Amino acid sequence: MQSAGWDILIAQQAYWPTPSVAMERVQSQSPDPAYAGGPQVITLRLQQPLWTGGRLTAQSNKALANQSIERARLEEIQQSLALKTLQAWAEVVSAQRQQSALLHSEETQSQLLDKMTRRVGEGISSQSEAHYAGLRLQQVQQELRNAQQLENLAWIRLKQYVPEAQTATETAGIHNEPSSASQALALAKALSGMDVSQWETLSLARSPVIQRLKGVLQFQLAELAEKRAALQPEVYVRAEHQRGNYAYANLPPINRLFVGLSASTGAGLSLAHQLASIQAKRDGTQEELAAAQRNVQEAIQTDYVNVVARQSKAADLLLNLKSSQELQAAWERQFNNGKKTWIDVMNAARESSQAELAWIDNEMAMLQSYWRLQIQAHGADLRLTP
């Protein structure tokens with residue numbers, strides 16, 4: 001960005017006169033009438049372009065376009081970091097919430113194992129039932145260790161983007177109690193006031209990739225104007241002050257004023273080929289821009305549909321969770337009354353745990369999609385509110 005700012009100043013200063021100094025000293029071994037005067041000549045020149053066919057304007061436009069490209073690159077990096085941070089944050093919170101659910105499941109499985117161990121000791125149940133309860137407890141403990149490992153890996157990624165991020169034990173505000181007024185459901189309600197086309201409009205206008213490609217198109221347009229200007233003659237005025245003269249000795253300083261015209265077609269037909277090359281690049285950039293617009297629209301539509309679908313699914317998952325928890329308690333009571341088998345009780349406990357994990361996954365997926373929409377529509381410097 002700083003370099004692009006200097007380039008703008010350089011392009012603006014091209015409108016001003018160009019000073020130059022030339023000093024030459026000649027040494028001739030034989031008499032030469034052309035150099036019969038002084039051996040040294042100093043020439044001071046000041047040349048001002050009067051008309052360049054649009055070259056200076058094109059150079060200024062190139063510098064401005066380059067600045068917009070660099071600004072878009074910066075925003076592109078910011079958005080990428082914001083999305084990566086969001087992903088890592090979601091992985092941390094998801095793993096923590098999974099651990100909370102699995103710790104509760106581990107406690108339940110431990111209680112069931114203790115109960116079955118007592119029943120085996122009393123001769124009421126078989127050893128195989130206690131063995132089955134032990135296997136279920138080991139499964140839950142393995143899932144808990146996997147969730148802890150996922151959290152550790154997620155913290156490593158998150159601290160790459162947020163070095164001052166707290167450790168897992170210091171994280172506050174992570175609750176795992178299902179509620180009809182959960183954070184994800186509350187956030188998803190914000191979608192009700194905007195349809196997907198409005199999200200697309202905001203995101204297309206904000207997309208740093210699209211802004212960068214538009215800047216590239218402007219840069220290439222300025223390049224075309226610059227090359228076309230090279231086919232036009234340039235008119236200039238030049239003032240000279242000369243001290244010394246090769247042909248005549250002891251002459252006083254001489255001042256001159258020139259009005260000139262210069263033109264060039266470049267080596268061979270190179271200018272025409274350069275114009276064709278830039279136009280081909282511009283056509284390619286326009287295709288790339290169209291592809292980028294489609295990518296943004298696809299990403300917005302995917303996240304929008306995902307939030308809406310997850311929102312609809314949340315109520316069913318919450319109902320399923322509560323039903324599973326009630327069913328687990330009921331199956332355990334009926335087991336005590338001899339109406340259900342131990343397998344029924346263990347399966348009910350397992351289903352209750354799986355229902356809670358499914359609810360967590362759904363809510364975290366909804367949160368991720370919602371905040372991706374916000375970042376793409378409103379920028380990486382979005383201020384998150386409770």
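Predicted model: local features only at pLDDT ≥ 70, side-chain atom pairs only at ≥ 80, totals over all residues.
**View 1. Lys115 and Glu332 meet through their side chains in a salt bridge, with N and O 3.7 Å apart.** A salt bridge here is a side-chain nitrogen of Lys or Arg within 4 Å of a carboxyl oxygen of Asp or Glu. Lys115 belongs to helix H2 and Glu332 to helix H7 (residues 270-336), so the pair ties together parts that are 217 residues apart in sequence. Helices (H or I, at least four residues) and strands (E, at least two) are DSSP runs, numbered from the N terminus. Lys115 is buried at 16% relative accessibility, while Glu332 is partly exposed at 27%. Buried means under 20% relative accessible area, exposed over 50%, and partly exposed in between (1.4 Å probe, protein chains only).

Residues are numbered from 1 along each chain as its sequence is written, and side-chain values use heavy atoms, leaving out hydrogens and water.

**View 2. Glu240 and Arg45 form a salt bridge of 2.8 Å, N to O.** Strand S3 holds Glu240 and strand S2 (residues 40-51) holds Arg45, so parts 195 residues apart in sequence are tied together. Glu240 is buried at 9% relative accessibility, and Arg45 is partly exposed at 30%.

**View 3. Asn250 has a positive phi, near 60 degrees, though it is not glycine.** Look for Asn250 in the loop between S3 and strand S4 (254-262). With 80% relative accessibility, Asn250 is exposed.
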